[in-house]
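This briefing goes through one protein model by topic. Please look over the sequence and the structure first, then read the points below.

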Amino acid sequence: MKLLLLRLAKLSSTTLALLAYLLAAGVMISVAYGAALVIESRTQKVVTTRLAEAGIDWITVDTDGLQVRLTGTAPREADRFRAVNMVGALIDTSRIRDGLDVTPASAIEAPKFSVEMLRTEDEVQLSGLIPENPGEGGLTETTLSEAAAALAQGTELPDMLETADYPAPATWNESLAFGLAALEQLKLSKISVAADRVGVKAIADSEAEKRRLETELRGLAPANVQLVLDISAPRPVITPFTLRFVKDAEGARFDSCSADTDRARAQILRTAATAGVEGASVCQVGLGVPTPRWAEAVGLGIAAVTELGSGSITFSDADVTLLAGSDVPQDAFDKVVGELETGLPDVFSLTSTLEKKETATQGPAEFTATLSEAGRVELRGRLTDEMQRQAVDAFAKSAFSGAQVLTATRLDETLPDGWPVRVLAGLKALAEVEHGKLLVRADLVEVTGVTGSTATRGRITQILSDELGQGQTFRVNVRYDEALDPLAALPTPEECAADVNAVIARTKITFTPASAEIATTARPVLDELAAILTNCPAMQMEIGGHTDSQGSEGGNQALSQARAEAVLLALQGRRVDVSGMTALGYGETKPIAENETEAGREANRRIEFVLQGVPQAAAVATDGAAQPAAATAAPAETPTVAAEGADFSGDTSPSVAPTEKTIAPKPRPQGLQAEAEE
């Protein structure tokens, strides 16, 4: 230090002044630089905090001295302007260096194409937006309008279609062509067509027609288009409103059964079961009942036949015919008839007959008609005159279209009155069976045969009751053969769901813990499910995945989705038609048990199959726990007809189920291991 002072003392005053100036300058520069750093830091912090509070995360703030540089890409020009003004409110605008970009305006999105097709008995209406140039094989506005006009039967077509010059979506042409094909089949319908979805609302003439249409439409639907069916079958008008109850050596049974309400049907069937009817009976619910007290009157009639021990009672609108067997004593007959006449509501008219015992000397005039399995019709017996012979021959050729008719009858002018009516009514009834025989006598018309429809016996009863009139005796001995029923082997979607439910209730589909890999022990149950679903028609079904509440909500949702997709892929790998199935994960949102216990958590970890597009969707779960009421397969009061099959009374032609199924492959979810398909 002393040495330094000595050296400084030797320097001149000018040199000392220069050194002092340099030292002061260095101090000032250091102070200025430090101040600039503080200003930059504070400015950047203030601006960044304000932008974050405003939710603006697309701006990067850089400071350089007093300058503030803003960089980034604004979603819109208005957002850029707003952000710059916000920063300008914090610092002087001269310090701002705007380096912001704006996202280029995106191309205008193509409109959503859709068409509404409405068909009534009188007209067809089209409305919606379609591509101006649909591409090769697609329907243009002109071709679609012409096809709809052909269905309108010459009436003016209200065309409210608009076009847009945008390319058609990938599945648009397939959806529109299918929608038009559905419109051609459905006379009363509304078809809603979008590129990936077709909604069908329609009214069918009968349950049989509804089932046939659903099967055909599911078979025609494109594999990559969602089909939503809502086909209803209103109650038919039954004319005449007919019921026939028989009790003989073969037991108690219905030849025909009609009711005006579900409650009346249940009441009639309970009464019949008490009277000795075994198994399920077809009893059609329809319109046209002569009185709201129909079920009460039918119950009295069934009780009367039961008390007689043998006989039949036929209700045809308000006409009631009671026929007692030949073995019924006269006093018992008189007692039952008297009580029945007193008990029946006033609207009904009763005709009662006690059948006479046949004697060996009786040789009544007869007419017979035989319909062979090969389609040959042979007419033999007696007719009144040549005019009736020609009329019967022509009627038979018309009723048995395509059959070879042999007429070998003789003429007898002494035949009783009403003989022609009885013969023609009998032939009309015989035409309802696949093969059988008709016997016409003065005191009896009897039809025997085999049919492929459970409703044939009822239709024959209606025909004979209506054509012959009140008080006339007839017998219907028609046997149902399932082998002749084209729809018997094809289960309904509800039946398929019930079968899946039975398997799932017995054995649960399990997974490796915390993964979407299906456990090896679950392979047999998947094989069993595949065997059931392979024989089912194409149907809309949701495979839902569910977890317990352990873990995060997002993780549980992702895991349930992956597990549902794993089951879908496993079924597809077993040749199941999965074109109408979707996989959806619900995570922990729909528990069926408490998550506080291990048993409850185990119940909540499940796969559910939910049938879509039916009034009562059948939900089936992978465990045996009781399901909520909304997921059951049938309402509390299930009509007895369901056990026998649908009522095909409105179906006049056979329907043939598809022999092959088109399986649309589903893409494998990313991240799923191949073992999940096993």
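The model is predicted. The protein has 17 helices and 26 strands. It consists of 678 residues, and 43% of them count as buried. Among contacts between residues at least 6 apart in sequence, 68% join residues at least 24 apart.

**Helix α6**

- Helix α6 covers residues 207-220, and its 14 residues should span 20 Å at 1.5 Å a residue; the end C-alpha atoms are 20 Å apart, so the two values agree.
- Helix α6 is mostly covered, with ten of its 14 residues buried.
- Charged residues are among the buried ones in α6, including Glu209, Lys210, Arg211 and Arg212.
- The list of buried residues in α6 also includes Ala208, Leu213, Thr215 and Leu217.
- These buried residues pack against α5, the strands β8 (197-203) and β9 (226-232), and α13 (493-506).

- Ala264, Arg265, Ala266, Ile268, Leu269 and Ala272 are the buried residues of α7.
- Gly276 follows α7 and has a positive phi, near 115°.
- Helix α8 (residues 294-308) contains 15 residues and reaches 21 Å from its first C-alpha to its last, close to the 21 Å expected at 1.5 Å a residue.
- Buried residues in α8 include Trp294, Val298, Ile302, Val305 and Leu308. Two glycines, Gly299 and Gly301, are also among the buried residues of α8.
- Just after α8 comes Gly309, with a positive phi of about 95°.

**Packing of α4 and α5**

- Two packed helices are described by the angle between their axes and the distance between the axes.
- For helix α4 (residues 141-151) and helix α5 (residues 172-185), the angle is about 10° and the axes are 10 Å apart.
- Angles under 35 degrees count as roughly parallel, and α4 is therefore roughly parallel to α5.
- On the α4 side the contact involves Leu144, Ala147 and Leu151, which meet Leu176, Leu180, Leu183 and Glu184 of α5.
- The residues of this contact divide into six nonpolar, no polar and one charged.

**The six-stranded sheet**

- An open sheet of six strands runs in the order β19-β18-β17-β20-β21-β22, and its pairing is mixed.
- At the edges stand β19 (404-411) and β22 (474-480); each has a single partner strand, so one side of each has no neighbour in the sheet.
- From one strand to the next, the twist averages 5°.
- Strand β21 (residues 444-451) runs parallel to β22, and seven bridges join the two.
- Thr451 has Tyr480 in β22 as its bridge partner.
- Helix α10 (residues 386-399) packs on the sheet and touches β17 (367-371), β18 (376-383) and β19; the direction of α10 makes about 160° with that of β19.
- Helix α11 (residues 419-430) also packs on the sheet, where it touches β17, β18, β20 (435-441) and β21. The direction of α11 makes about 165° with that of β20.

**Strands β23 and β24**

- Strand β23 (residues 541-546) pairs with β24 in the parallel sense, over six bridges.
- One of the pairs is formed by Met541 and its bridge partner in β24, Met581.
- Strand β24 (residues 581-587) is mostly covered, since five of its seven residues are buried.

**Two single residues**

- Asp79 lies in helix α3 (residues 77-88).
- Is Asp79 buried or exposed? Its relative accessible area is 15%, and buried means under 20%, so Asp79 is buried.
- Leaving aside neighbours within four places in sequence, Asp79 is in contact with Trp58 and Ala74.
- Asp79 and Val102 are 23 residues apart along the chain, and their C-alpha atoms are separated by 8.7 Å.
- Leu287 is in the loop between β13 (284-285) and α8.
- Leu287 counts as partly exposed because its relative accessibility is 44%, which falls between the 20% and 50% limits.
- Beyond neighbours within four places in sequence, Leu287 is in contact with Arg235, Pro236, Val237, Ile238 and Phe241.
- The C-alpha atoms of Leu287 and Ile238 are separated by 5.9 Å, although these residues are 49 apart along the chain.

Conventions:
Residues are numbered from 1 along each chain as its sequence is written. This is a predicted model: local features need pLDDT of at least 70, side-chain atom pairs count only at pLDDT 80 or more; totals for chains, interfaces and linings use all residues. Side-chain values use heavy atoms; hydrogens and water are left out. Helices (H or I, at least four residues) and strands (E, at least two) are DSSP runs, numbered from the N terminus. Buried means under 20% relative accessible area, exposed over 50%, partly exposed in between (1.4 Å probe, protein chains only). Contact means heavy atoms within 4.5 Å. Axes are lines fitted to C-alpha atoms, for helices over the stretch in contact, and angles run from 0 to 180 degrees between N-to-C directions. Angles under 35 degrees count as roughly parallel, over 145 as roughly antiparallel, 65 to 115 as roughly perpendicular and the rest as oblique. The expected span of a helix is 1.5 Å times one less than its number of residues. Two strands pair if DSSP finds at least two bridges between them.
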